Amino acid sequence: METVLLSDSSADITKAAELIKNGHIVGIPTETVYGLGADATDENAVRGIFAAKGRPADNPLIVHLADFSDAVNYTAEIPELAYRLAERFCPGPLTIVLPKNDRIPMVTSGGLDTVGIRVPSHPVMHRLIAESGKPIAAPSANISGYPSPTSAEHVMRDMNGRIAAVVDGGESKFGVESTVISIENEDTVRILRPGCVTDEMLSEICGSVIIDHAILNELEAGEKAASPGMKYKHYSPKANIIMVEGSADAFTKYVSEHDGESSYSLIFDGDEKNFPYRYMTYGKDSLQQAHMLFAKLRELDDIGAEKVYVRAPSKDGVGLAVYNRLIRAAGFEVIRV
Ligand code: TXA
Ligand code: MG
């Protein structure tokens, strides 16, 4: 199959919407990362998404809608708290897990009786949903396990020959995937995956926000995952990622005492002044680090880096999302210096 690269012109968006309407898979831009979109109600199309990514069948897909009010068509029940959250955060980088109804096939929900609903803010996504008239199921558009794509070029690299088209909607604004939450009770949510809607932001709407244990810790043997995605290795480039947590000086000392000469390091902007080894930087604050992390991990693979020391980011605010992706790429090991 030849994968066509489309622009974000009206004519091209119409072409992409037609493809989705007709059961094809299209690489689509969102404000978080690029997705692999198809009609969420078409079992064959959804099977094609799993096949294109090499994704385990029990890992559910998020369903993207133009407006949260459409969620009544695909869910069995919407708690009042979900409406309050949607009012504040939709459209935007938040996915709310709700009980699904029969219009969402089991293939889409990975066999669960819930569905993650997200209202993206990217204008191209809005037009694709409106013009196709379909709810769009979309996981991140990477090969399963690899860092998520934040540009159309990344999607082309992973998916060329596997899907019908990719729409180039520019670089993803946030760079990490949406915050995924479930509703625990009338005033409590649980964060299943951290993102750019932070626990502090959620606390403005809910009485209590639980950060699931598996966000920073490996699941124990036999422990049940609150979200299937927690079970799988994620965000891993080919390079061996080693997370080192500490000040810039302590980081440099650690690398110099290990294989500084033969490795690469991924450090903060500003750390490079006294850093004598090969490096890339990934921004100076959490928002920048979220925006750049996946692109940098891909770039390190492109230059053939085999071993990469990464200076661990802050865990505060959006930093928790960056830390969560990195700790998974590093196999949950953190060296504290
Ligand atoms: O920002 C995003 O969320 C991007 C863009 C394309 O929208 N999508 C994305 O999808 O990251 P994906 O499939 O790569 O990650 C979705 C995560 C997975 O870890 C999955 O296990 C979890 O959300 N998830 C989806 N539906 C769920 C459900 N019903 N219950 C629990 N976890 C769910
Ligand atoms: Mg993903």
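A: Here's a walk around the site of ligand 1. This is a predicted model, where local features need pLDDT of at least 70, side-chain atom pairs count only at pLDDT 80 or more, and totals for chains, interfaces and linings use all residues. Residues are numbered from 1 along each chain as written, chains are lettered from A and ligands numbered from 1 in written order, and side-chain values use heavy atoms, with hydrogens and water left out.

So, the shell: 24 residues surround ligand 1 (a heavy atom within 4 Å), and the closest are Thr32, Asn59, His64, Ser178 and Gly229. They split into 10 nonpolar, 10 polar and four charged, with Ala, Val, Leu, Ile, Met, Phe, Trp, Tyr, Cys and Pro taken as nonpolar, Asp, Glu, Lys and Arg as charged, and the others, Gly among them, as polar.

Strand 4 (62-64) and strand 6 (114-118) each give at least two residues to the shell, strands being DSSP E runs of at least two residues, numbered from the N terminus. Strand 6 has the largest share, with four residues.

Now the polar contacts with the ligand (N or O pairs within 3.5 Å). On the oxygen side, one ligand 1 oxygen atom sits 3.0 Å from a side-chain N or O atom of Arg118, and an oxygen atom of ligand 1 is 2.9 Å from one in the side chain of Arg193. For nitrogen, a polar side-chain atom of Ser227 is 2.8 Å from a nitrogen atom of ligand 1. The protein covers 96% of the 680 Å² of accessible area that ligand 1 has on its own (Shrake-Rupley, 1.4 Å probe).

Conventions
Polar contact = N/O pair within 3.5 Å; in protein donor to acceptor, adjacent residues only side chain to side chain.
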